[in-house]
Amino acid sequence: MNHRFINGLLRLRPVLSDKIYLRILFYKFMGKRLNLSNPTTFNEKLQWLKLYDRKPIYSKYVDKDAVKEVVESKLGTNENIIPTLAKWENIEDIDFTNLPDRFVIKLTHDSGGVFIVHDKKTFDLDAIKDKLKKSLSRNFYDEFKEWPYKNVPPLIIAEQYIENADNPEDLNDYKFFCFNGEPKFFKIDFDRQTNHGANYYDLNWNRLPFGEVICPPNPNRQFSRPKNFDKMIEIARKLAEGTKFIRIDLYNIQGKILFGEMTFFPAAGLGKFTDEEWDIKIGNMIKLD
């Protein structure tokens with residue numbers, strides 16, 4: 001994202017309606033006008049949903065802490081939830097004394113603000129606190145008009161560290177794209193720390209002929225279908241119930257399915273595909289009132 005442009009646009013926030021703000025944002029990043037009266041593409045419809053699909057429960061869906069209660073309620077169990085080890089309201093309150101050697105720090109109101117501590121004895125606490133301070137002041141509603149984030153209370157949480165024994169350096173997660181409560185396809189990200197890519201698949205594990213410009217697909221990267229993949233689809237379906245569009249992210253660690261997060265607006269609805277035709281095809285899957 002062009003942070004300089006975003007910061008400049010934020011200064012005009014008091015005099016811009018959400019609709020005008022999104023029109024400017026969309027033109028800058030997508031290179032074309034935003035059609036809100038008759039949206040057709042996936043990215044256009046995500047902008048429409050930002051404006052007109054505003055249910056209070058959505059704020060809990062994107063809250064990295066509160067969403068765990070939602071998941072437990074929808075699934076009837078907490079076995080798919082990564083345990084929370086500690087919570088803090090202020091950076092000054094952070095105390096890692098009673099935490100294990102490895103853990104993960106997240107911000108409840110942020111997207112992408114994840115800090116992985118591989119070894120408590122060697123990590124740079126001051127550097128993490130500095131990053132947390134900057135992230136605590138962010139509001140995704142202000143920047144991209146993602147309304148569900150508007151009223152999420154900022155909170156710092158520590159979670160249990162999880163690791164894929166087959167590939168400790170790259171934790172594969174399965175991101176299910178769900179339309180009107182039904183999973184239609186998913187993607188797997190890979191090589192995040194080196195050469196980030198992502199392959200898309202249908203639910204029969206056939207690779208789809210498109211990807212994202214920012215993290216392009218690689219046909220040479222092969223992934224084995226988990227034995228309990230149908231169970232993952234079932235979980236995604238239950239969690240997506242009652243939404244027009246949502247992406248459900250799940251991990252599969254040696255056969256144990258764990259919930260990652262829910263996302264209403266992948267790439268803030270400003271992500272270009274390697275084949276623009278798929279922007280329209282996926283857009284057709286979202287049914288607007």
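1. Helices (H or I, at least four residues) and strands (E, at least two) are DSSP runs, numbered from the N terminus. The model is predicted: local features need pLDDT of at least 70 and side-chain atom pairs count only at pLDDT 80 or more, while totals for chains, interfaces and linings use all residues. Residues are numbered from 1 along each chain as its sequence is written, and side-chain values use heavy atoms, without hydrogens and water.

2. Two cavities of 30 Å³ or more turn up in the whole structure. A cavity is a set of points, on a 1 Å grid over the protein atoms alone, where a 1.4 Å probe fits but cannot get out; lining residues have an atom within 4 Å of a point. Points are joined across faces, edges and corners, and a volume is the space filled by probe spheres set on them.

3. The largest cavity holds about 90 Å³. At least two lining residues come from each of α4 (57-62), α5 (67-75) and β9 (256-263), and β9 gives the largest share, four residues. Among the lining residues are K64, I82, K106 and E159.

4. The second largest cavity, of about 40 Å³, is lined by L49, D53, Y58, F245, F264 and F265.

5. There are zero disulfides in the whole structure, a disulfide being a pair of cysteine sulfur atoms within 2.5 Å. The sulfur of C178 has its closest cysteine sulfur in C215, 18 Å away, which is too far for a bond.

Conventions:
1 Å grid on protein atoms, 1.4 Å probe; cavity = no way out; pocket = protein on both sides within 12 Å on 5 of 7 lines; lining within 4 Å.
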